[in-house]
Amino acid sequence: MIYAQLSMSLLQSSKSARDPLSDVLGVLGARVTRQTRMEAAGRWALAFPAIDRLKFVALLRGSAWVLVPDDVPMLLHEGDVCVLGRTTYTVASHPEAMPVDGEALYEAGCDVAHLGGIETVAIGGTVSFTADCADFLLDMLPGCMMVPQSSRASGAVATILGLMSSEIERAMIGGDIVSARLADVLLVEAMRAYAGRVAAAEPGWLGALSHPRIGRVLRAMHNDRAQRWTVAQLASLAGMSRAAFSAEFTRHVGQPPLAYLRTWRLTLARAALRRGDADVASIAASVGYTSQSAFGHAYRRKFGSSPRSTQRS
C-alpha cells in the first residue's frame, strides 16, 4: 500500500499538488506500463527504435554501454540509471558490438531476454502516456538522461533499485503491483536526480525547474495557468528585467515564456477534451481563454483539428 500511495502522489495531477513535474506527468497520465529484464554475458548488443515514450534502463549487476545518435557512448555500472526520450538507442557489452533487434527479443509477452549468462543484469521500464499530447514533455527532454550512482542526488534512486532487485528475488505474491509502483517512483527520482545534476550546467526544462529564478516562474505558471500573465509580470516574479528574463527563460526552456504557457494551456485543454471533462467553452475558460473563438483558432493551429473533433474522437 505504501508504494501505491507514494506512486499516486508523484504521478497523479491534483489541485493541491501542482509543481511543474508532477503537473505534467499527472496530466499526461505517465506511468510505467511494462517492465523488462535482461541477463547477458559475453559480447552482445540490442538496438531499439525511437517511439513516443520514455524508457529507463537500470543496471543491477555488471556494466553496459548505452549508445544514442550524436552523443558519445556512455558506460553504465551497477546502480546507474539512464532515462531515454524520443531517440533510437543501443544497449551493448561493447560500443563496437554488432546490434540485433532488441524489440524482437521481447515480443509475444516475453519480458526477460537471456543472452548467454548473468554477468550483466539490467531492468527496463517503458513509460506510456494516456493523453494524446506527450509531445509537450518529449519535445523538451534530451534523448538520454544519465544518472550515475556516484552523483550526490542519486541516493533515493539507489534505494529504489535495491528494493526492485529484492522484489524480483523474493518472488512473493503481489510482486507485480509492488514492482510497478517502485518503477513509477524510480522514474521520478531519476528525473529529479538528473535535474539536480544539470540545473546550473546545461539548458533544459528539467534543469530549469531547479533554477532559482526560472523555476519560480514555472511554478507560478503551473499553479495559475488561467492567469493572464504578461512578460513584465513574469520578469518581475523572477526579479529580472524583461529582456534578461526572456533571454534566460528561452535559453533554459527552449521557447519564450508566453509560447511555453500557450503550449501548456493547449496541452491541458486537449487532455481534458480527451477525458470528456466538460464542454469546450468551460475547458477554454479553465485554461485562460475568455473567447471560445480565440481558443478554437489557437487549438487548430497547434494540433491541426478543432476542439470538438478531439472531444468526439
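Q: Across which strands does α5 lie, and at what angle does α5 run to β3?
A: Helix α5 lies across β1, β3, β6 and β10, running at about 75 degrees to β3. Axes are lines fitted to C-alpha atoms, for helices over the stretch in contact, and angles run from 0 to 180 degrees between N-to-C directions. The model is predicted: local features need pLDDT of at least 70, side-chain atom pairs count only at pLDDT 80 or more, and totals for chains, interfaces and linings use all residues. Residues are numbered from 1 along each chain as its sequence is written, and side-chain values use heavy atoms, with hydrogens and water left out.

Q: How do you know that the span of helix α5 agrees with its number of residues?
A: The expected span is 1.5 Å times one less than the number of residues. For the 16 residues of α5 (155–170) this should give 22 Å, and the end C-alpha atoms are 23 Å apart, which agrees. Helices (H or I, at least four residues) and strands (E, at least two) are DSSP runs, numbered from the N terminus.

Q: Which residues of α5 are called buried?
A: Buried means under 20% relative accessible area, exposed over 50%, partly exposed in between (1.4 Å probe, protein chains only). In α5, Val 157, Ile 160, Leu 161, Met 164, Ser 165 and Glu 167 are buried.

Q: What makes β9 and β11 edge strands?
A: The open sheet has 6 strands in the order β9-β1-β10-β3-β6-β11, with mixed pairing. Strands β9 (112–115) and β11 (144–147) each pair on one side only; two strands pair if DSSP finds at least two bridges between them.

Q: In which sense do β3 and β10 pair?
A: The two strands pair in the antiparallel sense, over 7 bridges.

Technical notes
Contact = heavy atoms within 4.5 Å.
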